[in-house]
Amino acid sequence: MNFSFSKKQVDFKNQVIAFAQDNLNSNVIAEDYKSLFSKKKWKKCADFGIQSLASYKNEQLDVLTATLAMEGLGYGCKDNGLPFALNAQMWTVQLPIIHFGNEEQKDLFLTPLVKGNQIACHALTEPEAGSDVFSMKTTAQKTEGGYILNGTKQYITLGPEADVALVFAVTNPKLGKWGLSAFLVEKGTKGFTQSSSKQKMGMRTVPFGDLVFNECFVSEKNRLGKEGAGWAIVNHSLELDRCFVFASQLGAMERQLEESINYVKKREQFGKSIGSFQSVSNRIAEMKLRLETSRLLLYKVAWLKNEGKSALLESSLLKLHLSESFVSSSIDAIRNHGGYGYVSENEVERDLRDAVGGIIYAGTSDIQKNIISKILGL
Amino acid sequence: MINTIINYIADNLINEPLDDDLEPEDDLLGSGIVDSMGMMRLIAFIENEYDLKVAPDEMVIENFMTVENIVEYITTKNKQQ
């Protein structure tokens with residue numbers, strides 16, 4: 001295991017930070033307040049090359065470079081929602097198309113995603129299939145030239161804005177998990193409706209809603225991979241998705257810690273800086289410990305995946321520890337800032353609202369603990 | 001090879017105790033003998049034990065439904081390497 005990054009990797013991370021700070025931090029308070037998604041910023045990210053990190057012209061994904069880049073994006077971009085949404089598309093839609101798509105599908109679907117001209121979502125969760133996701137009810141019945149899709153996908157990141165949805169459905173119920181297949185369904189397809197975006201606690205700049213399929217015909221050409229490849233498609237990008245999503249959150253935690261340190265150094269009460277009070281400095285020390293332990297877990301997962309190795313246990317440890325740490329440190333950041341931190345316009349409390357989602361999506365903290373203990377033989 | 005894989009599954013991956021011994025022709029994932037995470041752990045075990053890399057598009061029913069399928073897949077894969 002070697003965590004020393006090359007100059008090229010570090011330089012690229014710094015370029016991403018500079019890009020994000022210069023281009024992505026305007027209007028964030030209003031966009032959060034009004035739950036607005038910025039297609040303009042999305043396009044800027046594509047023009048810079050963020051979405052290209054998962055490109056079919058770059059099939060050998062450099063996990064370490066991409067991890068540092070997404071960490072830099074989380075550090076530089078004050079809106080935690082935008083990196084989250086980008087990660088969702090890049091690693092749960094673009095990457096599966098790279099690995100399972102044919103050349104025609106790569107040209108048709110990947111190119112506009114990488115260029116930022118289109119947006120895609122990963123549609124897996126259903127009303128009755130959350131943590132138990134493979135108990136899905138959406139069906140895809142074979143018919144001449146394609147499939148008829150029926151069912152509902154719920155709480156889909158980017159769902160309301162997506163030009164294309166990667167949808168998982170049961171093609172053969174007799175085969176259990178082997179009977180799932182994946183389909184690329186385009187916006188406007190007859191029988192496919194997208195809800196408006198739902199109001200939520202945090203990550204408000206990310207569109208989030210439901211997809212409904214009612215006798216929706218999808219051509220066989222739009223099936224991703226073989227019939228029955230759904231299980232493999234869901235699982236193959238799972239560890240990488242956790243790595244990159246939480247790389248961005250690690251960047252946000254680093255930004256949060258620096259802002260807290262600057263504030264407690266400058267803010268004076270009782271004639272001295274509040275950072276000199278042990279109750280405050282101890283909190284800063286705890287935030288630093290959470291940041292660095294999260295970083296070690298993240299880099300270990302990135303290193304394992306870069307080596308082509310399994311990281312089942314490590315990615316669960318990462319997901320559990322980093323997401324819970326971000327919540328704890330976000331509360332500490334508000335404590336450090338006092339009343340100033342509680343007021344939305346000062347951009348401290350937003351991190352807490354954004355962090356809470358992390359202990360729920362992509363496998364709740366409870367599920368991560370179950371996975372970890374099961375791997376340990378319990 | 002069959003016994004090594006069966007023993008690994010029986011010792012590490014089975015969800016609920018089985019009425020009978022695990023057989024080479026039992027459907028592992030489809031029948032719920034192992035869950036999704038268990039199958040991913042089995043694939044990681046096979047990669048380490050038999051020094052091979054399972055490509056994402058090879059994680060299909062033809063290769064991983066039963067222990068018999070897995071042994072056939074490993075044998076074919078090793079011949080190709």
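Predicted model: local features only at pLDDT ≥ 70, side-chain atom pairs only at ≥ 80, totals over all residues.
**Interface between the chains**

I started where the two chains meet. I found 20 residues of chain B in contact with 17 residues of chain A. Between them the chains bury about 1,900 Å², and 70% of that is on carbon and sulfur atoms. On the chain B side I noted B:L29, B:M37 and B:M40, which lose the most area to chain A, together 28% of what that side buries.

Next I looked up the polar side of this interface. I count four residue pairs in polar contact between chain B and chain A, both residues at pLDDT 80 or more. For salt bridges between the two chains, the count is one. B:D35 makes a salt bridge with A:K374, and I get 2.8 Å between the closest N and O atoms.

Which helices of chain B each supply at least two residues of the side that touches chain A? I wrote down α2 (36-49) and α3 (61-64). The largest share of that side comes from α2(B), with seven residues.

**Helix α8 of chain A**

I checked the length of helix α8, residues 238-266 of chain A. At 1.5 Å a residue its 29 residues should span 42 Å, and I get 43 Å between the end C-alpha atoms, so the two agree. I also looked at its cover: 22 of the 29 residues of α8(A) are buried, which leaves the helix mostly covered.

**A buried glutamate**

Then I went to A:E314, which sits in helix α10 (residues 312-337) of chain A. What is the nearest side chain of opposite charge to A:E314? I find A:K300, at 4.2 Å. A salt bridge needs the nitrogen within 4 Å of a carboxyl oxygen, and A:E314 has none, although it is buried. Leaving out residues up to four places away in sequence, I see A:E314 touching A:K300, A:V301 and A:L304.

**Two positive phi angles**

A:L158 is one, with phi about 70°. I located A:L158 in the loop between β3 (146-157) and β4 (164-170) of chain A. Is A:L158 buried or exposed? It counts as buried because its relative accessibility is 0%, and the cut-off for buried is under 20%.

B:D51 is the other, with phi about 50° and again not a glycine. I placed B:D51 in the loop between α2 and α3 of chain B. With a relative accessible area of 64%, B:D51 is exposed, since exposed means over 50%.

Note on methods. Residues numbered from 1 in each chain as written. Chains lettered and ligands numbered in written order. Heavy atoms only, no water. Helix = DSSP H or I, 4+ residues; strand = E, 2+ residues; numbered from the N terminus. Expected span 1.5 Å × (residues − 1). Buried < 20%, exposed > 50% of the residue type's maximum accessible area, 1.4 Å probe, protein only. Lys, Arg positive; Asp, Glu negative; His and termini not counted. Contact = heavy atoms within 4.5 Å. Buried area = accessible area lost by both parts, 1.4 Å probe. Polar contact = N/O pair within 3.5 Å; in protein donor to acceptor, adjacent residues only side chain to side chain.
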